[in-house]
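Biologist: Could you take me through this model, beginning with the overall fold and then going residue by residue?

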Amino acid sequence: MKKILLLLLGQLALFYVLYLAAYLMRPVPAVFGLLMWAVLPAAGAVSTFFTVARGVNPYSAWVLPPIAQILASVTATGGHAPALGHALVLCLFCVLGAAASDTRDKKYRRKKK
């Protein structure tokens, strides 16, 4: 239980710092767009994949990167929520990463028996 909570807290802290850095890059639109639409959603998918592979429930692993994005947006912009498109893309990628890891785990568990 302690291991799982540390993994989830680490994931939340990592994505809070990454999204805070991305929001601070907002004055450079090309870099901000690349980070928000491609790099950080892909990092969210990879993070949730490996978090679920380490034993965290897939339903709880995908939620933390979007929460961290909302917290970073509120911190960086003074109370404004992130754009809906950015949040939806991140949620989609995180759900896909969690589902892929869960499917992989079930496949290998079935082969071991």
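Biologist: What should I know about the source before we start?
Modeller: This is a predicted model, in which local features need pLDDT of at least 70 and side-chain atom pairs count only at pLDDT 80 or more, while totals for chains, interfaces and linings use all residues. Residues are numbered from 1 along each chain as its sequence is written, and side-chain values use heavy atoms, with hydrogens and water left out.

Biologist: How many helices and strands does the protein chain have?
Modeller: The protein chain has five helices and zero strands, and its elements run α-α-α-α-α from the N terminus on. Helices (H or I, at least four residues) and strands (E, at least two) are DSSP runs, numbered from the N terminus.

Biologist: What box do the C-alpha atoms fill?
Modeller: Along the principal axes, the C-alpha atoms of the protein chain fill a box of roughly 55 × 30 × 20 Å.

Biologist: And what share of the residues is buried?
Modeller: Of the 113 residues in the protein chain, 33% are buried. Buried means under 20% relative accessible area, exposed over 50%, and partly exposed in between (1.4 Å probe, protein chains only).

Biologist: What about the accessible surface?
Modeller: The accessible surface of the protein chain comes to about 6,800 Å², and 73% of that belongs to carbon and sulfur atoms. Such areas come from the Shrake-Rupley method with a 1.4 Å probe; for residues, only the protein chains shown count as cover.

Biologist: Now glutamine 11: buried or exposed?
Modeller: Glutamine 11 counts as buried because its relative accessibility is 3%. Glutamine 11 lies in helix 1 (residues 2-24).

Biologist: Which side chain does its side chain make a polar contact with?
Modeller: The partner of the glutamine 11 side chain is the side chain of serine 47, at 3.0 Å. A polar contact is a pair of N or O atoms within 3.5 Å; within protein, one must be able to donate a hydrogen and the other to accept it, and residues adjacent in sequence count only if both atoms are side-chain atoms.

Biologist: Where does serine 47 come up again?
Modeller: The side chain of threonine 51 reaches the backbone oxygen of serine 47 at 2.7 Å. Threonine 51 is found in helix 2 and is buried, at 7% relative accessibility. Not counting residues up to four places away in sequence, threonine 51 touches Leu8, Gln11, Val56 and Ala61, where contact means heavy atoms within 4.5 Å.

Biologist: What does glycine 97 touch?
Modeller: Leaving out residues up to four places away in sequence, glycine 97 touches Ala45, Thr48 and Phe49. Glycine 97 is found in helix 5 and is buried, with a relative accessible area of 6%.

Biologist: Changing topic, how many salt bridges are there in the whole structure?
Modeller: A search of the whole structure finds two salt bridges. A salt bridge is a side-chain nitrogen of Lys or Arg within 4 Å of a carboxyl oxygen of Asp or Glu. Aspartate 102 forms one with lysine 106, the closest N and O atoms being 3.5 Å apart, and arginine 104 forms one with aspartate 105, the closest N and O atoms being 3.3 Å apart.

Biologist: Why are aspartate 102 and lysine 106 separated by about one helical turn?
Modeller: They are separated by about one helical turn because they are four residues apart in helix 5. Aspartate 102 is partly exposed at 21% relative accessibility, and lysine 106 is partly exposed with a relative accessible area of 45%.
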